[in-house]
Amino acid sequence: TMKNDTTHHPKINNDAIKLFHALSHITRLSICMALMKKPQTVSELCEILDLKQYMVSQQLSVLRTAGVVRNERKSRHVIYSLASPQISNIIHIACWTNLNLASDSQGKRSGKELSSFARIL
């Protein structure tokens, strides 16, 4: 049986697992790709991704907890950005190395997911 820990793989740490888990959701990955272009507010992300604020805020919370994004308050606005350039590199490598991330194993995704994802590519 396979254990869900890193005892047999000491070079894999929990931060890496958290990072890949955080990036494994299409909305979270889409948020990160938008943030690769420039830091954004929640309302800007909602507009870019055509999603409701509660959904974007919920996914930003997951990304923040995993250390993928950080936020900074500027007057009344909270600006989100990627936590480090390395995260941008990981996303770039994953999305532009002949991986077809826009489709699952059956080659199907909902139109809403694809349109949000494609809009920021």
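Residues are numbered from 1 along each chain as its sequence is written, and side-chain values use heavy atoms, with hydrogens and water left out.

The secondary structure of the chain comes to six helices and three strands, in the order α-α-β-α-α-β-β-α-α from the N terminus. These elements are DSSP runs numbered from the N terminus: helices are H or I runs of at least four residues, and strands are E runs of at least two. The pLDDT, which is the predictor's confidence in each residue on a scale from 0 to 100, averages 82 over the chain, and 72% of the residues score at least 70. Confidence is highest in strand 1, at 97, and lowest in helix 6 (residues 111-120), at a mean of 52. Where pLDDT is low, the predicted coordinates should not be read in detail.

The three strands form an open sheet of order 1-3-2 with antiparallel pairing. Strand 1 (40-41) and strand 2 (69-74) stand at the edges with a single partner strand each, so one side of each has no neighbour in the sheet. Strand 1 is joined to strand 3 (residues 77-82) by two bridges, and the two run antiparallel; here threonine 41 stands opposite isoleucine 79.

Helix 3 (residues 42-49) has the buried residues Val42, Leu45, Cys46 and Leu49, buried meaning under 20% relative accessible area, exposed over 50%, and partly exposed in between (1.4 Å probe, protein chains only). These four cover an arc of only 105° around the axis, which puts them on the same side of helix 3; the arc is that of the directions from the helix axis to the C-beta atoms. Exposed Ser43 and Glu47 lie on the face turned away from the buried side of helix 3. Just after helix 3, aspartate 50 takes a positive phi of about 55°.

Helix 4 (residues 53-65) lies across strand 2 and strand 3, running at about 115° to strand 2. Axes are lines fitted to C-alpha atoms, for helices over the stretch in contact, and angles run from 0 to 180 degrees between N-to-C directions. Helix 4 also packs with helix 2 (residues 26-37), at an angle of about 80° and with the axes 10 Å apart. The two helices are therefore roughly perpendicular to each other, a term for angles of 65 to 115 degrees.

Contact here means heavy atoms within 4.5 Å. At this packing, Thr27, Arg28, Ile31 and Cys32 in helix 2 meet Val56, Gln59, Leu60, Val62 and Leu63 in helix 4. Threonine 27 is buried, with a relative accessible area of 11%. Leaving aside neighbours within four places in sequence, threonine 27 is in contact with Leu51 and Gln59. Threonine 27 and valine 56 are 29 residues apart in sequence and 7.8 Å apart in space, C-alpha to C-alpha.

Definitions and conventions: Two strands pair if DSSP finds at least two bridges between them. Angles under 35 degrees count as roughly parallel, over 145 as roughly antiparallel, 65 to 115 as roughly perpendicular and the rest as oblique.
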